[in-house]
Amino acid sequence: MPMLLSTLVAVQAALSAAHEPPPIDFAAVPRTIVTQPKYVAAPRYGMFLFEPRGEQRGTQRMWLVLDKSSADAEAYDVLYVDRDGDGVLGEEGERFVGVAKDGGARFEVGDLTQPGTEVVHTEFVLTWTKASVRYQMLWQGKTKTMGGFGPYRETYASFGDSPAEATLYVPGYDRPLEFEHWMCDKLRVGASTDFKVFVGAKGSSRGAFSCGNEKLLPEGEHAIATLIYTDEDGKEQRVRAELHERC
Amino acid sequence: MLVHGPVRVPDNARPGDAIVRVELPTTSKFKSRPTDIPVTIE
């Protein structure tokens with residue numbers, strides 16, 4: 001490759017990398033809430049983090065807080081969604097009552113306008129169970145994004161007991177895609193393992209991963225898995241595999 | 001959705017901790033951040 005061309009390619013790669021957002025420092029995300037409603041039960045806290053757009057600065061936050069309709073209710077059947085991202089919880093249109101489902105509660109919120117933008121995500125549904133909290137929505141009304149997932153079902157996240165312990169999710173596809181494995185962290189010498197990964201974005205804990213559905217990566221796209229291991233002589237070795245299948 | 005495929009551990013691997021680094025190829029239309037997934041070789 002001629003020197004000028006190779007230099008231009010290197011500069012373009014460096015500029016591209018420079019424009020990629022760094023990994024989110026979840027511990028540094030502010031957990032302030034301006035105003036909270038009077039809760040009936042001990043509230044449970046979660047948050048969506050959206051990428052800034054246009055003149056916005058910093059990651060855009062949207063609080064999600066679970067409560068109960070009565071103190072003796074089994075299920076967390078009330079959900080507050082800070083739809084405008086102003087930190088004032090419980091404004092008009094921000095309180096939702098869930099429908100009982102399998103001992104849990106299902107909240108059909110509908111459209112979510114990304115705070116400070118005109119970007120609308122649709123069909124937002126959140127489901128609470130004693131074991132975990134799950135959500136799904138159509139990102140910009142097109143591709144499903146859902147969470148929170150972890151490497152095993154028992155790792156799926158619940159909301160936290162306080163704002164400081166809130167579970168943070170990163171829905172959608174505005175950031176470089178990340179990966180989480182699904183039940184395949186044990187490999188055997190001399191054997192093949194069907195290595196499965198979620199594709200999406202990490203959350204604040206292992207069970208808060210957000211991923212897409214089968215429409216996220218179209219046919220022809222695949223992931224690369226590089227096994228980095230130590231051989232019998234103590235030397236680092238690498239072997240590359242391609243993940244082409246979907247399920 | 002899960003993306004998956006076979007990952008084979010070579011015969012000369014020493015049992016213990018290892019890493020599977022997952023990313024999209026540079027030819028992909030999507031950007032990815034290489035993600036290191038801790039695994040155990042048995």
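Let's start at one pair of residues: in strand β14 of chain A, the bridge partner of Ala201(A) is Ser210(A). Keep in mind as you look that this is a predicted model. Together β13(A), which covers residues 192–201, and β14(A) are joined by 2 bridges, and they run antiparallel.

Stay with β14(A) for a moment and follow its residues, 209–212. Phe209(A) and Cys211(A) point one way from the strand, while Ser210(A) and Gly212(A) point the other way. In a regular strand the side chains alternate between the two faces of the sheet. Are the residues of β14(A) buried or exposed? Phe209(A), Ser210(A), Cys211(A) and Gly212(A) are all buried.

β14(A) has another partner to show you. Strand β9 of chain A, residues 143–149, pairs with β14(A) in the antiparallel sense over 3 bridges. Here Thr145(A) has Gly212(A) as its bridge partner. While you are in β9(A), look for Gly148(A), which has its place in this strand. The peptide bond that leads from Gly147(A) to Gly148(A) is cis, with omega near -15 degrees.

β13(A) is joined by 7 bridges to strand β1 of chain B, residues 2–8, and the two strands run antiparallel. One pair to find here is Phe198(A), which stands opposite Leu2(B).

How many residues does each chain bring to the contact? Chain B gives 36 residues and chain A gives 48. On the side of chain B that touches chain A, strands β1, β2 (16–23) and β3 (35–41) of chain B each supply at least two residues. The residues on that side of chain B divide into 20 nonpolar, 8 polar and 8 charged. Strand pairing links the chains at β3(B) too: 2 bridges join β3(B) to β12(A), residues 186–187, and these strands run parallel. Lys186(A) has Thr40(B) as its bridge partner there.

Next, move to another part of chain A. An open sheet of 5 strands has the order β4-β3-β2-β1-β10 in chain A, and its pairing is mixed. β4 (95–97) and β10 (167–169) of chain A stand at the edges; each has a single partner strand, so one side of each is left without a neighbour in the sheet. On average, neighbouring strands of this sheet are turned by 25 degrees against each other, direction ignored.

Within this sheet, β2(A), residues 60–67, pairs with β3(A) in the antiparallel sense over 4 bridges. Val65(A) has Tyr80(A) as its bridge partner in β3(A). Leu79(A) is also in β3(A), which spans residues 78–81. Why does Leu79(A) count as buried? Because it has 23 C-beta neighbours inside 10 Å, and the cut-off for buried is 20 or more. Not counting residues up to four places away in sequence, Leu79(A) touches Leu64(A), Leu66(A), Phe96(A), Gly98(A), Phe107(A) and Leu126(A).

Asp102(A) has a positive phi of about 50 degrees although it is not a glycine. This residue is found in the loop between β5 (99–101) and β6 (104–113) of chain A, and Asp102(A) counts as exposed because it has 9 C-beta neighbours inside 10 Å. Glu123(A) also has a positive phi, near 55 degrees, but Glu123(A) is found in a strand, β7(A), residues 120–128. With 14 other C-beta atoms within 10 Å, Glu123(A) is partly exposed.

Technical notes. Residues are numbered from 1 along each chain as its sequence is written. Chains are lettered from A and ligands numbered from 1 in the order in which they are written. This is a predicted model: local features need pLDDT of at least 70, side-chain atom pairs count only at pLDDT 80 or more; totals for chains, interfaces and linings use all residues. A residue is buried if 20 or more other C-beta atoms lie within 10 Å of its own, exposed if 12 or fewer, and partly exposed in between; C-beta atoms are placed from the backbone. Two strands pair if DSSP finds at least two bridges between them. Two residues are in contact if their C-beta atoms, placed from the backbone, lie within 7 Å. Ala, Val, Leu, Ile, Met, Phe, Trp, Tyr, Cys and Pro count as nonpolar, Asp, Glu, Lys and Arg as charged, and the others, Gly among them, as polar. Axes are lines fitted to C-alpha atoms, for helices over the stretch in contact, and angles run from 0 to 180 degrees between N-to-C directions.
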